[in-house]
Amino acid sequence: MHALILAILIPFLAAAIIPFIHNRLKKLNLGWLVIVIPLLLFAFFVYQIPVISSGETVSAMLNWIPSYGINFIVYLDGLSLILALLITGMGSLVVLYSIYYLSSTDSLPHFYAYLLLFMGAMLGVVLSDNLLVLYVFWELTSISSFLLIAFWYHRKNSRYGAQKSLLITVFGGFGMLAGFLMLYAISGTFSIRELVASAGQYTDHALFYPALFLVLLGAFTKSAQFPFHIWLPDAMEAPTPVSAYLHSATMVKAGIYLVARFTPVFGGTSAWFWTVTLVGLITLFWGAFCAIRQTDLKALLAYSTVSQLGLIMSLFGLGSAALYFGDGEQGAFYGLATFAALFHLVNHSTFKGALFMVIGIVDHQVGTRDIRRLGGLIAVLPITFTFAVIGSFSMAGLPLFNGFLSKEMFFTASLRAANLPVFSADTWGWIIPVIAWTASVLTFVYCMILVFRTFLGPKQSKKPEKNIVEPPLGMLISPAILSLLIVGLFFVPNLLGDHLLKPALGAVLPNITDAAPHISAWHGFNTELLMTIGIIVFGSLLFATVRYWRKIYNYLPDGWTFNNLYNQILAKSEKNSGTITSAYMTGHLPHYFTYIFGFFILVTGGTLLLSGALSFDSSEDAPVTTYDFMLAIAMMVAAIAIPFAKSRLTATLLNGMLGYSIAIFFVLFRAPDLALTQLVIETVTTVLFLLCFYYLPDWKKEASPRGVKIRNAVIAIASGLTVTLIGLSVNSFDSFDSISSFYEDSYELAGGNNIVNSILGDFRAFDTMLESLVLFIAGLGVFTLIRLKAKKEEPNDEDQ
Amino acid sequence: MKINDVILKTVGKVGVLIIFTFGIYLFISGHHTPGGGFIGGLVLASAFVLLFLTHDSETVSEAIPIDFKKLSAIGVLLATISGLGPVFFGQPFLSQTFGYFELPIFGKTELATVMIFEAGIALTVIGVVVNIIFSISEDE
């Protein structure tokens, strides 16, 4: 099997093994074993860098459902490689950090199993070439992040946050699935590579724009774009290592990845350009605006993540304009935005990861994340303070840190977009740099709040309960590595640019050959630099006066938030579905049968009549023998007699008579398998009935009113009639070719002379497998129903 | 209510043996003649049911210490995992193959991977059926 496929499978396998080995290691922290996996995978992907940067790609395939063109195809190009490196690299650092962060009372096996599950799912998302495989992994990230957010499930807020993230991201995921299916309907392929190769041919198709918006819906919900950003702050209830991993480096980047991946397919259209850009810009502004009012450090970081994701998103939107122009000077000119997006994607992971870990250290060592209760920590946590400064100054876009470089490129791109000659940008384009600049000022303010309110200023008068010291060395390693990267990338950005960003750019803008610029820290005395200086001046001013204008938030009506809307929808839908459910789930068996058979008659019988499939053709019927007649009459008599039976035993016997007669029919028609099955089933169910028989209440005739009786009779007769009509029509229906000829050579195909079993075990083995699963679940259901009932009846015995 | 069921017990013992043999025969012969995992499993399960009918459940569970819940779980796992095998040889999920081998006693014998799958089905059926009957009879 190809190493690339193994790379996805290894985390899943490891997650499956963890429950079996954790009991054997009492002393060793499980994290030391787990960390080997992301480190190995990281090394593997680093090893791929030379291959990818030379312009090649790697792919491998496993058959899944070849007949539908759905196969497990993995594909590594520049874009996937960046994400894969982030996932495994950040994964290693987060696991290392979590070894020191989590206490021994936490359930470590669960934690690491979920984390590995998540890692595998993320790798699957960024490496899949097949749309449906991508979707499966996509939802798997939702589920595994749900488990991680709810890791401390005894907290109400954790459960709330986990549910919220699951509902919103899965909602978007469904939309995305619909979009994928539309793409398949348009193009006839599930392969992303083939879609990209034939991009531009489908813009006139009626489904093109619906598909575009549905795919974007998936990306926006996953990447917490406005107005779906509300789940991200609540997801911060997860343990801090998880927040650092999921909500800075990986999961939220899945949406960004999706937008980047589909830029060649949908980009170059006005709809894509404006939707992605505007949603990104609004998110950038709103996230930064909300971050300032937060008093919880982690909530502040959550909103800043929302804001930064908006920035990256808008850059991908701006860059998509390059596809309109194609290869050439203008294409390269606007393609810079995409390059900046990829650059900021990497930078954001470094500084946000470091900041989350810093906040984790503060929380861990001080015991609170409330800004109002923090201050003066520089004296006791000098190393942590250094990391905090590096992280937040990079986020604010100040020189000497990598965030500065990508921020300057963001300004360049937004200024260029204002002069874009297409997409009516000459009318509205000016708002892009305006929003970009305003949001950046706000970003500067919250970055300063983060550093100065926490580490500088007066020490809080409240006596801390414990002596605050720097955390153990192991906890500092991960943020130290990230801080080194932040500074290192400022001084040698082109190492990253040439080897990773350039191939990734080639994946996002396949037709534009020369968009990758040489990154330089000093780019002349120009508008961009003026904007940065303006940010520092205005930002400092706003930061100094923040307590005066913070009141602005109080003017915003509280009830008009999207959060409130979400809660309302949730409460309403719970209430309504409760009302609807209790209307038909009456707990009265005859009602259920009425619904089931009524539905059956309406839908199946109705379809039969309306589609004109009703037909009788007795010319090819086999002759009916005397035996058949006798058996049929005996069965009819038995069936009619059941409702009039005087005792339960009689009814059971009559029912058994029906079953055994069917078995005889199977014998007559030479179907020994079926006859055997029917006989055994009939016997076992009869025994089962006899077991319960003794304990059933007395058999009494139901004294139902005449109307109900007539209604039941009508339903019964109509059901019987429907089945009979279907049987007769099927026999004389010849619109489709018979499939039985396929099974005639079952011996050559499956090596079995028994066709029935060849079908069950070979041709349609998937059905059989799932049926056995259904059987298993049903068995468990019966078991739990009976056992739980027994427990309820004698609760005292259990307590004692 | 205590009835003298010596005859039932004696006949049951012989019957169970016959049914077991028949069930295993059905299971093995399923590839070419009527039988297979589902029917074989059902027949084997009915042998267990007969045991439960003739003897009380405690005696049976002492004599045959099998957790039928686990048995059904193992069956489902076996059926699923047997499908994963071909994936490692580049074949679609659940592909089956067969071949002829010279075995010491049986001579030339056909071995098919579908047998593993069918065994999973059989175990599931036995586990579920016996488990249901067992829980209902124990409840009383």
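How much area do chain A and chain B bury between them, and what share of it is on carbon and sulfur atoms? Keep that in mind as you go through these points, and remember that this is a predicted model.

1. Start with the answer. Chain A and chain B bury about 4000 Å² between them, and 73% of that lies on carbon and sulfur atoms. The contact draws on 44 residues from chain A and 50 residues from chain B.

2. Leu691(A), Met769(A) and Phe776(A) supply 13% of the area that chain A buries against chain B, more than any other three residues.

3. Which parts of chain A touch chain B? Strand S1 (58–65) and helices H30 (672–693), H33 (746–750), H34 (755–763) and H35 (765–793) of chain A each bring at least two residues to that side. H35(A) gives the most, with 15 residues.

4. Sort the residues on that side of chain A by type and you get 28 nonpolar, eleven polar and five charged.

5. Finally, have a look within chain B. Strand S1 (residues 98–103) and strand S2 (residues 107–112) of chain B run antiparallel and are joined by six bridges. S1(B) and S2(B) make a hairpin, with three residues between them. To check the pairing by eye, find Gly99(B), which stands opposite Leu111(B) in S2(B).

Note on methods:
Residues are numbered from 1 along each chain as its sequence is written. Chains are lettered from A and ligands numbered from 1 in the order in which they are written. This is a predicted model: local features need pLDDT of at least 70, side-chain atom pairs count only at pLDDT 80 or more; totals for chains, interfaces and linings use all residues. Side-chain values use heavy atoms; hydrogens and water are left out. Two strands pair if DSSP finds at least two bridges between them. Helices (H or I, at least four residues) and strands (E, at least two) are DSSP runs, numbered from the N terminus. Contact means heavy atoms within 4.5 Å. Buried area is the accessible area (1.4 Å probe) that two parts lose on being put together, summed over both. Ala, Val, Leu, Ile, Met, Phe, Trp, Tyr, Cys and Pro count as nonpolar, Asp, Glu, Lys and Arg as charged, and the others, Gly among them, as polar.
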